[in-house]
Amino acid sequence: MSGRLAGKNAIVTGAAGGIGLETTILFAREGANVLMADISEEALSRAQVKVKQLVPSAGRIETTICDVSKESAVQAAVESLDPWGGVDVMFNNAGIMHARDDDAVNTPEDIWDLTQNINVKGVWFGCKHAVLSLRRHNKTKGSIINTASVVALVGSATPQLAYTASKGAVLAMTRELAIVHAREGYRFNSLCPAPLNTPLLQDWLGDDKAKRHRREIHFPTGRFGEAIEQAQAVLFLASDDSSFVNGHDFVVDGGMTKAYVTPE
Ligand code: NAD
């Protein structure tokens, strides 16, 4: 353990899923206390056991059932760190991509609203209560990382309009927060992952070979990304190693958004 987050208190939302769990493991290895927040109680308990097994030397690794679209739940999660000394790192990572999300014509309004409530409002609530906690504890630095997506940067001909719009909102919101809070020492950065080998996408693709191929031909590296590759970037953004990185759209995509054509 090199202790890049020694003494820091972190909250990870969506902590039972692909990126969230890998990030929690890295944060724990680097000396952080972590509150793992997720809507799925069962997955969260399994994830907590895994972290404790993999990082026996970890500090506090606690869990909270939290629906990020409910402000009272997010507030309670953040305030539960007050006895620890308040939050230093907030990773607003929970998100959904709904199976009935589609194009402008076919996306049902309730799916649009559900997606914005979790992916956008959930991130806003996380940012809001992180700022309040940082101020309450008179902190002069803090790092907030919000998970967006490459679809906030490039359009996709395989539509998922509510999701794409929600991630664009995360990117724009994060940039503005970065500037508003810069003089307080609070940094805000977005993570923009490419399509990944995590349940969010892989469950949705299932064994549909055509749907997979439609995506794989656009990857310069020829493969989906792994959650751990995102977690390494989140660790950098969370730690003081990135002390002058603020308002950045941090793209971890194997070059996908820079490709015109891809290697054969
Ligand atoms: P995942 O499905 O493995 O994990 C997401 C986690 O969020 C799950 O544990 C789920 O229970 C939790 N969650 C869902 N709704 C919640 C809510 N209302 N409140 C709290 N927790 C909730 O997905 P992942 O791939 O690890 O995705 C994490 C983030 O990365 C998401 O914001 C996603 O949009 C983004 N992302 C994923 C990909 C990809 O290809 N997987 C690509 C770009 C961006």
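**Ligand shell**

I started with the ligand and counted 31 residues around it, with Gly14, Gly17, Gly18, Gly95 and Leu200 the closest. A residue makes my list if its C-beta atom, placed from the backbone, lies within 6 Å of the molecule. This is a predicted model, where local features need pLDDT of at least 70 and side-chain atom pairs count only at pLDDT 80 or more, while totals for chains, interfaces and linings use all residues. Residue numbers run from 1 along each chain as its sequence is written.

Which elements give two or more residues to the shell? I find α1 (18-29) and α6 (199-205). My helices are DSSP runs of H or I with at least four residues, my strands are runs of E with at least two, and both are numbered from the N terminus.

By class, I get 17 nonpolar, twelve polar and two charged residues in the shell. Here Ala, Val, Leu, Ile, Met, Phe, Trp, Tyr, Cys and Pro count as nonpolar, Asp, Glu, Lys and Arg as charged, and the others, Gly among them, as polar.

**α1 and its partners**

Next I checked α1 against helix α8 (residues 227-238): the angle is about 50° and the axes are 8 Å apart. Axes are lines fitted to C-alpha atoms, for helices over the stretch in contact, and angles run from 0 to 180 degrees between N-to-C directions. The two helices α1 and α8 are therefore oblique to each other; under 35 degrees would count as roughly parallel, over 145 as roughly antiparallel, 65 to 115 as roughly perpendicular, and the rest is oblique.

On the α1 side the contact includes Gly18, Ile19 and Glu22, and on the α8 side Ala227, Ile228 and Gln230 are among the residues. Contact here needs C-beta atoms, placed from the backbone, within 7 Å. I sorted this contact into nine nonpolar, four polar and one charged.

I also looked at α1 with helix α2 (residues 41-54), and got about 35° with axes 10 Å apart. Leu21, Thr24, Ile25 and Ala28 of α1 meet Ala47, Lys50, Val51 and Leu54 of α2, which I split into six nonpolar, one polar and one charged.

Key. Two residues are in contact if their C-beta atoms, placed from the backbone, lie within 7 Å.
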